[in-house]
Amino acid sequence: MAFVASFRKRRRHARGESTLVLAPTGSGKTLAAFLAAIDRLAFGAERGRVIYVSPLKALAVDVERNLRAPLAGVLDQAARAGVAAHEITLGVRTGDTPQAERARMLKHPPDILITTPESLYLMLTSGAQKILASADTVIVDEIHQLVSTKRGAHLFVSLERLEALRPKGARPLQRIGLSATQRPLDEVARALGGYESSGAPRRVTIVDAGAKKDFILRISAPDVDMARLG
């Protein structure tokens, strides 16, 4: 969780800037990516929707489960401090989501939608598109699994479709990419941010918190005079 503190100090995601984060597994980067959104959803006047995209359905389910405790903790601490806070709702939309749950989601859209690239595309091409129009933040986890694949190209097209749904005059969609192994960072950042209509790449701030290993080299010999060996 040490990475959470360092990422909060940067405040870039709180300002709505698109950000690519490289940090070791288990360092808290996923929660760090959600922090500003949770703060805005719980205490802000404007409550844009957050979309979390995972390349794996199992990871999507894990993230939904792991977010419930922090969200409950935020409400509990706000109540203790006498501060008004909005309840934040979660929803998972994958190929395994029952039809009844999908219908319920259309009537009561979640504040944080957890999905996969394929399900996001299907929502963009159906009546579910209307619940995506208010999305202002997209978090793409394990982006290294997508960036150089056809699935990734498909996802980045979906992100541009989300961009096109933004209200006129609104700030660009905030895109946050996460991974522990992505390289080269500048190319991944360009893929994540996409390009303006002018052809210029959108700005994506790179946060490189990757762990650098220190090596200690020691040479041991049975005899100083190697000629005497044997």
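Predicted model: local features only at pLDDT ≥ 70, side-chain atom pairs only at ≥ 80, totals over all residues.
Five of the five residues of strand 2 are buried, so the strand is largely enclosed by the rest of the structure.

Now click on isoleucine 51. Which residues stand opposite isoleucine 51? In strand 5 you will find valine 138, and in strand 4 you will find leucine 113.

**Now colour the nonpolar cores.** The largest has 27 residues, and those that touch the most other members are Leu20, Ile51, Leu120, Leu132, Val138 and Leu162. Strand 1 (19-22), strand 2 (49-53), helix 5 (117-124), strand 5 (135-140), helix 6 (150-165) and helix 7 (185-193) each give two or more residues to this core. Another core, of 23 residues, lies apart from it; Val50, Tyr52, Val63 and Ile139 are among its members.

Zoom in on leucine 132. Setting aside neighbours within four places in sequence, leucine 132 is in contact with Ile51, Leu113, Leu120, Met123, Leu124, Leu162 and Leu165.

**Then turn to the largest pocket.** Select Thr30, Leu31, Val63, Asn66 and Asp141, which lie nearest its centre among the 17 lining residues. The space in this pocket is about 340 Å³. Which helix gives the most to the lining? That is helix 3, with six residues. Helix 2 (29-43) and helix 3 (57-81) each supply at least two lining residues. Colour the lining by class and you will see seven nonpolar, six polar and four charged residues.

**Finish with two backbone details.** Most residues other than glycine have a negative phi, and most peptide bonds are trans. Go to glutamate 142, in the loop between strand 5 and helix 6. Glutamate 142 has a positive phi of about 50°, although it is not a glycine. Is glutamate 142 buried or partly exposed? With a relative accessible area of 22%, glutamate 142 is partly exposed, because buried means under 20%.

Your last stop is proline 184, in the loop between strand 6 (174-179) and helix 7. Look at the peptide bond joining arginine 183 and proline 184: it is cis, with omega about -10°.

Technical notes. Residues numbered from 1 in each chain as written. Heavy atoms only, no water. 1 Å grid on protein atoms, 1.4 Å probe; cavity = no way out; pocket = protein on both sides within 12 Å on 5 of 7 lines; lining within 4 Å. Points joined across faces, edges and corners; volume = space filled by probe spheres on them. Helix = DSSP H or I, 4+ residues; strand = E, 2+ residues; numbered from the N terminus. Nonpolar A, V, L, I, M, F, W, Y, C, P; charged D, E, K, R; others polar. Core = buried A, V, L, I, M, F, W, Y, C linked by side-chain atoms within 4.5 Å. Buried < 20%, exposed > 50% of the residue type's maximum accessible area, 1.4 Å probe, protein only. Contact = heavy atoms within 4.5 Å. Pairing = 2+ DSSP bridges.
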